[in-house]
Amino acid sequence: MTTVILIIMLLVCVSFMLRLTCHSLPAMLIIAAIVALVPAGTCGWAIEQSKTYLQDCLGRPELMLDLSVILTIDVSLQLAFCIYAAGSGQPVRWYDRAIRAFLIWFPGLLIFPVAFSILVLSIFSMPGADFHTVAWICSAGLFLFFTLGAKILSAALPERELRLEFDFLINSLIAMLGIIATVNGRTAVAGNSEIDIATLAGVLLLLATGALAGYILYNKKILKS
């Protein structure tokens with residue numbers, strides 16, 4: 001699995017945890033549990049696949065193109081959520097309320113294959129262990145990771161608007177990295193796992209700088225008002 005895909009998986013998890021911070025504690029636990037149960041629910045299918053088969057899947061151009069479509073749809077929904085949630089006031093029309101409810105409660109598309117990928121990596125990294133035990137441990141670990149991570153992000157970024165801005169920037173970065181990982185399936189076919197670390201560090205620094213600038217400007221706006 002390439003470094004770019006691993007970074008995308010991590011960013012998807014962070015984005016999902018940022019979305020969880022917009023919910024009450026009971027709703028957060030329910031949504032996190034639904035996603036965390038993916039490894040336990042898909043264990044039977046995962047153990048039927050060989051490591052070679054799964055690696056070959058990542059080398060198929062048509063699969064990578066399908067993943068790029070899913071990534072584009074998911075990122076679009078995530079960005080729409082950030083824009084919609086940042087709007088002031090409550091929607092009046094019924095379809096506006098329906099769209100708002102869907103965007104808020106929908107956990108995302110990419111988080112499910114990410115959870116399954118974590119299960120596959122866990123199974124291959126612990127040979128000889130009982131597969132179902134590994135799956136349930138993986139589900140429990142994901143549940144704790146999502147809930148505790150959401151709480152930590154909520155404490156570190158107490159302003160809801162700042163969390164939405166950070167989520168928007170993360171999904172923009174996911175879209176850019178997704179182009180690198182799936183463009184025409186060439187990256188997967190070539191088996192290229194090398195990335196320009198300096199360029200990636202620059203992008204991450206730009207992301208952190210934008211988030212910090214937004215935080216400072218938001219605090220200045222609050223003080224002036």
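Leu71 touches Leu110, Ile174, Ala175 and Gly178, when residues up to four places away in sequence are not counted, and touching or contact here means heavy atoms within 4.5 Å. This is a predicted model, in which local features need pLDDT of at least 70 and side-chain atom pairs count only at pLDDT 80 or more, while totals for chains, interfaces and linings use all residues. Residues are numbered from 1 along each chain as its sequence is written, and side-chain values use heavy atoms, with hydrogens and water left out.

Leu71 is found in helix 5, where the helices (H or I, at least four residues) and strands (E, at least two) are DSSP runs numbered from the N terminus. Because its relative accessibility is 10%, Leu71 counts as buried, a word that stands for under 20% relative accessible area, with exposed meaning over 50% and partly exposed lying in between (1.4 Å probe, protein chains only).

Of its 225 residues, 40% count as buried. Among contacts between residues at least 6 apart in sequence, 83% join residues at least 24 apart.

Helix 1 is mostly covered, with 14 of its 18 residues buried.

Helix 7 (residues 111–125) holds Ser122. The 15 residues of helix 7 should span 21 Å at 1.5 Å a residue, and the end C-alpha atoms, 21 Å apart, agree with this. Buried residues in helix 7 include Ile111, Val114, Phe116, Leu119 and Ile123. Ser122 counts as buried because its relative accessibility is 16%, and, leaving aside neighbours within four places in sequence, Ser122 is in contact with Val134 and Cys138.

Those two contacts lead on to helix 8. Helix 8 (residues 131–156) has 26 residues and reaches 36 Å from its first C-alpha to its last, close to the 38 Å expected at 1.5 Å a residue. At the start of helix 8, a side-chain oxygen of Asp130 reaches to within 3.4 Å of the backbone nitrogen of His132. The buried residues of helix 8 include Val134, Cys138, Leu142, Phe146 and Leu153.

Val134 has its place in helix 8 and is buried, with a relative accessible area of 4%. Not counting residues up to four places away in sequence, Val134 touches Ser122, Ile123, Met126 and Ala129. The C-alpha atoms of Val134 and Ile123 are separated by 6.7 Å, although the two residues are 11 apart along the chain.

A cavity is found on a 1 Å grid over the protein atoms alone, as a set of points where a 1.4 Å probe fits but cannot get out, and its lining residues have an atom within 4 Å of a point. Grid points are joined across faces, edges and corners, and a volume is the space filled by probe spheres set on the points. By this rule there are two cavities of 30 Å³ or more.

The largest cavity has a volume of about 60 Å³ and is lined by 13 residues, of which Val12, Ser15, Phe16, Asp74 and Gln78 lie nearest its centre. Helix 1 (3–20), helix 5 (61–86) and helix 9 (160–182) each supply at least two residues of this lining, and the largest share, four residues, comes from helix 1. By class, the lining has seven nonpolar, four polar and two charged residues, where Ala, Val, Leu, Ile, Met, Phe, Trp, Tyr, Cys and Pro count as nonpolar, Asp, Glu, Lys and Arg as charged, and the others, Gly among them, as polar.

The second largest cavity holds about 40 Å³ of space, and its lining residues include Phe16, Arg19, His23, Ile104 and Trp105. Helix 1 gives the most to this lining, with three residues.

Technical notes: On a 1 Å grid over the protein atoms alone, a cavity is a set of points where a 1.4 Å probe fits but cannot get out, and a pocket is an open set with protein on both sides within 12 Å along at least five of seven lines; lining residues have an atom within 4 Å of a point. The expected span of a helix is 1.5 Å times one less than its number of residues. A polar contact is a pair of N or O atoms within 3.5 Å; within protein, one must be able to donate a hydrogen and the other to accept it, and residues adjacent in sequence count only if both atoms are side-chain atoms.
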